[in-house]
Amino acid sequence: MTAKPSTEQPSSRPASAERAPSEQAARNKSSKDQETKTTVWVALAANLVIAVAKVAGGLFAASPALLSEAAHSVADSMNEVFLLAALRRSRKPADPQHPFGYGKERFFWALLAAVGIFVTGGCFSIFQGVEALRSESSETTTGYIIGLVVLGVAFLAEGGSLVRALWQVRQQEGGIGADPALRTVIAEDGTAVLGVTLAMIGMGLHMATGEVVYEAAASIAIGLLLIAVAYRLGKEARDQLIGEAVDPELREEIAHFLAEQPEIDRVASLLTMRLGMDSTLVAARIDLAPGRDSEVVELVMVRIKSGVAERWPQADQVFLDVTEAPPVPGAEVAPDLTAQ
């Protein structure tokens, strides 16, 4: 009768140890999401105002480069809406149909944002440039001063949004690649600053020479730039949706932690996968030291899982498979003397 309480007591301590890191991780995640949400809202507000100004200025000046930039800002505004949806949906708790949660929602919406940049921004910009080259009507630069003023204001607004996003990157761990929503905002704002610069150069050369080819070339260059950025963002989002392992350095740290446990003889295999911004799956096949009964093994597994979660709060899904290690290649196998 006295053995039962003694076995329950050790298991209660690791359980509480598991809850504490998970609660702290939840608070950290909420704080990071709020910062990213603020950054996305800043970018959305800037892009909406800029898009209206660019459309009005582009139609008034009949400038293909300015209209290309207007399409760019419209695409960015749509993408910010996608990213806000990603931030909201990725916080949904796990349920029976999605036992690992909705963390990959952020990767999915980042992929849609990349498609939006490609279609709405890149393809339309190239179309505008080609149409300007094919146009046989005389091109005028009436109203280009207003267009250049609009682009100057857009440069300052996009630059401010970019500074805000880069500031957040410096405040968080993992760098620019840690958050797909933040990564998309930085890519959009950085591309927007460069695109506005190209548009201003194209419009300025058009005004100076009277040749529309410079502005058309700027429009095509903006489109190619957007397509390149969209491809890069789409590829990264695709890899994360398929199932991307954690950084090799982190994987080695976890493997070393498991291998140094006295109860573990050998880590036969270790698999990891990012399930979201702050959620990681860790699955290890381990060979335990001999001479331990099932009750002790259970307590050992709980302790090791708690240790992993405490050191790496993002590793919230830890699975340990106790199995016999495979034979070492080249090692001699003792013959079975009982065989007939």
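Modeller: Buried means under 20% relative accessible area, exposed means over 50%, and partly exposed lies in between, with a 1.4 Å probe and protein chains only. This is a predicted model, where local features need pLDDT of at least 70, side-chain atom pairs count only at pLDDT 80 or more, and totals for chains, interfaces and linings use all residues. Residues are numbered from 1 along each chain as its sequence is written, and side-chain values use heavy atoms, with hydrogens and water left out.

Biologist: Why does alanine 284 count as buried?

Modeller: Its relative accessibility is 4%. The cut-off is under 20%. Alanine 284 therefore counts as buried.

Biologist: Where is alanine 284 found, and what is it in contact with?

Modeller: Alanine 284 belongs to strand β2. Strands are DSSP runs of E, at least two residues long; helices are runs of H or I, at least four long; both are numbered from the N terminus. Contact means heavy atoms within 4.5 Å. Neighbours within four places in sequence aside, alanine 284 is in contact with Leu258, Ser269, Leu270, Phe319, Leu320 and Asp321. Its C-alpha atom is 7.6 Å from that of alanine 268, 16 residues away along the chain.

Biologist: What makes strand β2 largely enclosed by the rest of the structure?

Modeller: A count of its residues. Strand β2 covers residues 279-288, and eight of its ten residues are buried, so the rest of the structure largely encloses it.

Biologist: Is arginine 274 buried or exposed?

Modeller: Arginine 274 has a relative accessible area of 16%. That value makes arginine 274 buried. Arginine 274 sits in strand β1.

Biologist: How many bridges join β2 to strand β3?

Modeller: Six bridges, and here the strands run parallel. Strand β3 covers residues 317-322. Leucine 281 has glutamine 317 of β3 as its bridge partner.

Biologist: What makes a set of residues a nonpolar core?

Modeller: The members are buried Ala, Val, Leu, Ile, Met, Phe, Trp, Tyr and Cys residues, joined through side-chain atoms within 4.5 Å. The largest core here has 21 residues, of which Leu258, Met301 and Leu320 touch the most other members. α7 (248-259), β1, β2, α8 (294-311) and β3 each supply at least two residues of this core. Methionine 301 touches Ile286, Leu288, Leu320 and Val322, leaving out residues up to four places away in sequence. Another core lies apart, with 19 residues, among them Ala65, Val196, Met203 and Ala230.

Biologist: Why are helices α2 and α5 called roughly antiparallel?

Modeller: Axes are lines fitted to C-alpha atoms, for helices over the stretch in contact, and angles run from 0 to 180 degrees between N-to-C directions. Under 35 degrees counts as roughly parallel, over 145 as roughly antiparallel, 65 to 115 as roughly perpendicular, and the rest as oblique. The axes of α2 (residues 64-89) and α5 (residues 180-209) come within 10 Å and cross at roughly 175°. α2 is therefore roughly antiparallel to α5.

Biologist: How do the residues of that contact divide?

Modeller: Ala, Val, Leu, Ile, Met, Phe, Trp, Tyr, Cys and Pro count as nonpolar, Asp, Glu, Lys and Arg as charged, and the others, Gly among them, as polar. The contact of α2 with α5 has ten nonpolar, five polar and four charged residues.

Biologist: What makes α5 and α6 roughly antiparallel to each other?

Modeller: α5 and helix α6 (residues 213-243) pack at about 170°, with axes 8 Å apart. These two helices are therefore roughly antiparallel as well. Their contact holds 15 nonpolar, seven polar and three charged residues.

Key: Two strands pair if DSSP finds at least two bridges between them.
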